[in-house]
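Work through the exercises below in order. Try each task before you read its solution.

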Amino acid sequence: MLPTRFAHEQALSILLALLFLMQTTHSFSIESSQTEPCSCFTGYWFPLAVLFVSAVTYYAWPETCFSPVSGEDESCSIDPFELWKSRLDREFCQSLISLKDRVEALELLRQTRAMQPPTVACNNWQANLADYFNWRWPGNNASQWQQIPVRGGFKEIFDIIEEADFIGILAYSPSVYSLNTIQINSQQFILKGYINSGLIIVPMLKVAECYFVPEEEPVAFGFDEWSGLIGGRIHSLFKAVKGSSLRDWVAKSRKPSSEVDLDALFSEFGQILAKFHLRHRTSNFNGIYTLSRAIHHDLNFNNVFYDEKSGFSLIDIIGLSVSVLEPSEMIHDLNQLFEDMNRSRISKRGFIRAYASQWPEETQAVIKEDLAVLQLALKSRYSAKPWP
């Protein structure tokens, strides 16, 4: 296939070389050789050199394609993500949310073909993506890229997981394949590359966006601005949330000159988390087993950010999207959060008091008792160790 494509695209060079060869053959005819010495074949060097340079430049130069203008082939382009947003409007998201579980929601997404990506980025996707943002917001500069190492050793396993099997573990397993930070003017963005089942993830995030954005939430989220295919994998571009992760705040508090008040920080987060859980509860009050559509499912220190001016933000909200479609028990978030607090040797007293204070007065005693039981259960399973 490559030689055929080479012959097709290098036709001019080939014809030029053949022309020189014909001229050279004529100049080295028998008649001319009888009167002139013909001990050297230097006359063939030039046409052969033309063919050689043509081949080398073709195979050595990387094949690239550029963002097509309107009306051209769109198989290699950077297009606005609004192509999906029109399908995933609020009415459609509400129809997903009204379903019984995420399996039915996934089937509806398949039927509406909303999971098929509308954009494909080429080999020079960084330049194309920068051009897209320069076009969308004149004066922006999206050329500053930084690769971030991806934690976890499950990438190879996820590459062979079937889409139907993946949806069942979506909320409980890592799904990120690659990470990049991008600076666009003064705003930082995160470019996330997902595993093969990213075609599920992106529409799921849209479900969360449709559900949470119209409300005035006590926490902020980093929803995506653009999504498409890069190197055969789905990617989404998120606005980076403000502040530092809880893990970084804990590290700052351990420095000798630190003025970070961890008890106050976690007390404030306990209050915010309870408001978030309760705002979207879907069942009667049943302690930490109350069902809510606002369960993060991966509430560890790396996924909670705090900024003194902006407050708290949550990232990696794929599991949150799952809870929107299928409400989960609040204990899932509290269990993961308490595990990290144990590892970091952080007192839960202020957090528990603040979390329980947001519940109705008649249920606060039950909540405190449930959290105490959870704390004892985790203490028996994990020995307190300094957090790595």
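Buried means under 20% relative accessible area, exposed means over 50%, and partly exposed lies in between (1.4 Å probe, protein chains only). The model is predicted: local features need pLDDT of at least 70, side-chain atom pairs count only at pLDDT 80 or more, and totals for chains, interfaces and linings use all residues. Residues are numbered from 1 along each chain as its sequence is written, and side-chain values use heavy atoms, with hydrogens and water left out.

**Exercise 1. The whole chain**

Task: State how many helices and strands the protein chain has, and what share of its residues is buried.

Solution. Begin with the elements. Helices (H or I, at least four residues) and strands (E, at least two) are DSSP runs, numbered from the N terminus. The protein chain has 17 helices and 12 strands. Next, take burial. Of the 388 residues, 44% are buried. Then turn to contacts, meaning heavy atoms within 4.5 Å. Among contacts with a separation of 6 or more, 72% join residues 24 or more positions apart. Last, take the surface, computed by the Shrake-Rupley method with a 1.4 Å probe; for residues, only the protein chains shown count as cover. The chain exposes about 21,000 Å², and carbon and sulfur atoms supply 55% of that area.

**Exercise 2. The sides of helix 7**

Task: Find which residues of helix 7 are buried, and where they lie around the helix.

Solution. Helix 7 covers residues 102–111; its buried residues are R102, A105, L106 and L109. Look down the axis of helix 7: these buried residues fall within an arc of 100°, so they line one face. The arc is that of the directions from the helix axis to the C-beta atoms. An α-helix has 3.6 residues a turn, so residues three or four places apart point the same way. Now check the face turned away from the buried side. That face of helix 7 carries the exposed residues V103 and Q111.

**Exercise 3. Helix 15**

Task: Compare the reach of helix 15 with its expected span, and say how many of its residues are buried.

Solution. Helix 15 spans residues 331–343, which is 13 residues. The expected span is 1.5 Å times one less than the number of residues. For helix 15 that gives 18 Å, and the first C-alpha to the last also reaches 18 Å. Now count burial: 10 of the 13 residues are buried. Among them are I331, L334, L337, F338 and M341. After helix 15 comes R345, with a positive phi near 55°.

**Exercise 4. Salt bridges**

Solution. A salt bridge is a side-chain nitrogen of Lys or Arg within 4 Å of a carboxyl oxygen of Asp or Glu. The count comes to 4.

- D316 is in the loop between strand 11 and helix 14, K192 is in strand 4, and 124 residues separate them. D316 is partly exposed at 28%, whereas K192 is buried at 10%.
- R279 lies in helix 13 and E217 in the loop between helix 11 and strand 5, so the pair ties together parts 62 residues apart in sequence. R279 is partly exposed at 42%; E217 is buried at 15%.
- E339 is buried at 14%, and R343 is partly exposed at 32%. E339, D340 and R343 are linked in a network of salt bridges.
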